[in-house]
Amino acid sequence: MRNFFLIVCLINVSIHGLSQRYIATLNIDSLKAVLLTAKDTTRINTLNLLARRILFNTGTLPDSTTIRYIEEALVLSRKTNYHKGIGNSLLNKGIEASSNHHYNKSLPFLREALPLLIESGDMYGMISTYGFTGQAFQSMGDNKTALSYFDTTRKLSLELNDSSTATWQLVHIMHSYHNLGNYNEAYKKGQEALTEVTKDDIILRSWILTNLANLFLAAGLPEIAIDYVDKIKKFYPGATSQTKLPWPLPMALRIGGDAFLQMNKLDSALAIEKLIHIPLNDQDARDNLFYGRLYVAQKQYEKALPYFTRGFNTSSTNQHKIQMSQNAIELGNTYLLLNVDEKALHYTLQALQIADSIHALHEIKSAAATLARIYEKKKNYSKAYYYDQLFKSTSNLLATDEYKRKLALVQIQNELDKQLHESSMLISENLIKKQEVKIKQKQIEKVSILKNILIASLGIFLILGLIVFRNITLKRRNEKQRLEHKLELQKIESEKRKVELQQEATGLEMQALRAQMNPHFIFNCLSSINRFILKNESESASDYLTKFSRLMRMVLHRSKEPVIILEDELEMLQLYLDLERLRFKNTFDYTISFRNDVDVSSIYIPPLLLQPFAENAIWHGLLHKEGERHLTIDLSEENNILLCTIVDNGIGREAAAVVKSKSAEKQKSMGLQITRERLALINRGLEQKTGLEIEDLFDKEGNATGTRVILRIRIRGTIEKFAV
């Protein structure tokens, strides 16, 4: 599909005899009918076009009939010295070899085809040849050469105003930069491709997002990779229930599975495997890697070996060096786990040699780490030291942590820009609505003026004479009834519009309150990071910044929604509590528990509802207490009400008020105030209210032992969620 432009690469080329424009509009059956009587160059062009249509329309590997069409076109072209026909026949042979992953065999055909197509002025043939040549070099690991071919293909495509093909080349360029370890440049090309792709080109948009997911997976940011996979899944609603998944959804899901494995979420990875479920004989080398890693994660090392072995052999046959190196590394690691050290050494050395030949830094780093472990186990400490130094130097070149930070910050910046754009659009819409109200008011005033003019005119006509009195009276009565009916309709419409505007105002108020939560989070967290930096606690600052970026990403994603699932709310709450524990050097602990079966994935609540109460408990209760400090968050479901109890064993509200009065910092807790206002908005028009109770806790002697906050939240299910 990604090379769809090849189907029409002969459309605008004139030939002798039957019109090539006519032939190019025909389907496969019609082309076969033309072939029965076609002769000379017409037959050659029809054979080449028919072969290419079959290559890209059937979705299967080339059969003997397709190969026969290509061979006949080549023989006839050589016999008549028809250079354009020879070039397109050789191009088809190169495409046929590439479709079977025989990239080393496709290159000679493509190299021979290119000068012939240039000589004959076949621009579409030239674009196809440059593109497939770049893909062959990329698959064989020569990404620097591949980049030059992709750049040429993109330039020629833009000259022909073929924007779709030009965007496909950006994705290939992104892939090559990824293979070279230049993740930042790869990310830029991916973002550039997203700005170029049209909204209706779902396949290309999905492919770009798939490559971005793979990029973040390689950069060690699996959470962002899963975000991209979720975006792709939205393009194919209901597709996961189909027997055959549409391309490129299986590849995106497999990347999601690898991301879950990287996050040690084996159950989620196994769920992905059930969706794609590819038999061993139908798997390619990338599938072999995923299935093998699944078995390794389950500590079933013997079962993993056939997958890695098949992936290594397949990629060796196809000369796909990146995949050869990756499968060889996994074989080395698996044999090392099985204590078969000699085979582990054999495959890992092969992996390093292959990776070094194509300058694949990520694979060099992985192979060097495994070799250091093998030689350390063998007590060959000199070689273990050598490979450990290679691992460290390669890690420095890759600068993995720096890439993570830069990519994460770029991601956050993009989300912030998007949110600012949405906010400006919201303001523009409000201004337009206000203008519409003003216009309608002016229209009503005009109607009123017209009514007065008509009444005055009727009075003048009455003075003119008694003769026309009866006719004028009847006319006035009819006109009055018509105007009253019209005003009544306008009154009904005005009331309806007033109700709609009130509903919109409520929605805007809620969005404004949610928008205030982001600065509140950012201010507190940045203050903590600043404190770590001032105290020269660089490791704590780095750890805090990593968790903060993840929390910010979730807040930016979820705060735009009116309601989110309870699972996401609790994940953001846990991130916040972890940040506060880190900030205050683990001086308190917390637990989140469920008293009965609460399905966190099907319950919807407003976002960032629980966090302010946890923050209030920590800042005003726990931090002023000596000794053990504990925060308990308990959730249960009763009669379609989510009961959330937040208990701290702090100093209590009365003592907290005394401390606050003595403190220089007397700023009111904006988070708690905003949340109270949000609860008031949520309760508007509802019979079943969301309740809030705050209790002071005391022991038998009447001493304060903490505070209990009880939230009763009306549960919203999936249907209500989409109705918000």
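This is a predicted model: local features need pLDDT of at least 70, side-chain atom pairs count only at pLDDT 80 or more; totals for chains, interfaces and linings use all residues.
**Helices**

Let's start with helix H5, which runs over residues 83-99. H5 has 17 residues and spans 24 Å from its first C-alpha to its last, close to the 24 Å expected at 1.5 Å a residue. Most of H5 is covered, with 14 of its 17 residues buried. After H5 comes histidine 101, which has a positive phi, near 65 degrees.

Next, have a look at helix H18 (residues 341-357) and helix H19 (residues 361-377), whose axes come within 9 Å and cross at roughly 150 degrees. How are H18 and H19 oriented to each other, roughly parallel or roughly antiparallel? Angles over 145 degrees count as roughly antiparallel, and H18 and H19 are therefore roughly antiparallel to each other. Their crossing is left-handed. On the H18 side, the residues making the contact include Ala344, Leu345, Thr348, Leu349, Ala351, Leu352 and Ala355. On the H19 side, they include Ile364, Ala367, Thr370, Leu371, Ile374 and Tyr375.

**A buried glutamine and a salt-bridge network**

Glutamine 169 is part of helix H9, which covers residues 163-179. Is glutamine 169 buried or exposed? Glutamine 169 counts as buried because its relative accessibility is 1%, and the cut-off for buried is under 20%. Apart from its neighbours within four places in sequence, glutamine 169 is in contact with Gly131, Phe150, Thr153 and Arg154. Arg154 turns up again in a network of salt bridges, where it is linked with Lys189, Glu192 and Glu196.

How many salt bridges does the structure hold? There are 19 salt bridges in the structure. Here are three of them, with the N to O distance of each pair.

| Arginine | Glutamate | N to O distance |
|---|---|---|
| arginine 293 | glutamate 330 | 3.0 Å |
| arginine 712 | glutamate 693 | 2.7 Å |
| arginine 708 | glutamate 695 | 2.7 Å |

In the pair of arginine 293 and glutamate 330, distant parts of the chain are linked: arginine 293 sits in helix H15 (residues 285-297) and glutamate 330 in helix H17 (residues 321-337), 37 residues apart. Arginine 293 is partly exposed at 27% relative accessibility, whereas glutamate 330 is buried at 15%.

Arginine 708 is partly exposed at 27%, and glutamate 695 is partly exposed at 28%.

**An exposed asparagine**

Finally, where is asparagine 639? Asparagine 639 lies in the loop between strand E4 (630-638) and strand E5 (641-648). With 74% relative accessibility, asparagine 639 counts as exposed, because exposed means over 50%. The C-alpha atoms of asparagine 639 and arginine 714 are 9.3 Å apart, although 75 residues separate the two along the chain.

Notes:
Residues are numbered from 1 along each chain as its sequence is written. Side-chain values use heavy atoms; hydrogens and water are left out. Helices (H or I, at least four residues) and strands (E, at least two) are DSSP runs, numbered from the N terminus. Buried means under 20% relative accessible area, exposed over 50%, partly exposed in between (1.4 Å probe, protein chains only). A salt bridge is a side-chain nitrogen of Lys or Arg within 4 Å of a carboxyl oxygen of Asp or Glu. The expected span of a helix is 1.5 Å times one less than its number of residues. Contact means heavy atoms within 4.5 Å. Axes are lines fitted to C-alpha atoms, for helices over the stretch in contact, and angles run from 0 to 180 degrees between N-to-C directions. Angles under 35 degrees count as roughly parallel, over 145 as roughly antiparallel, 65 to 115 as roughly perpendicular and the rest as oblique. A crossing is left-handed if the near helix is turned anticlockwise from the far one by less than a right angle, and right-handed if clockwise.
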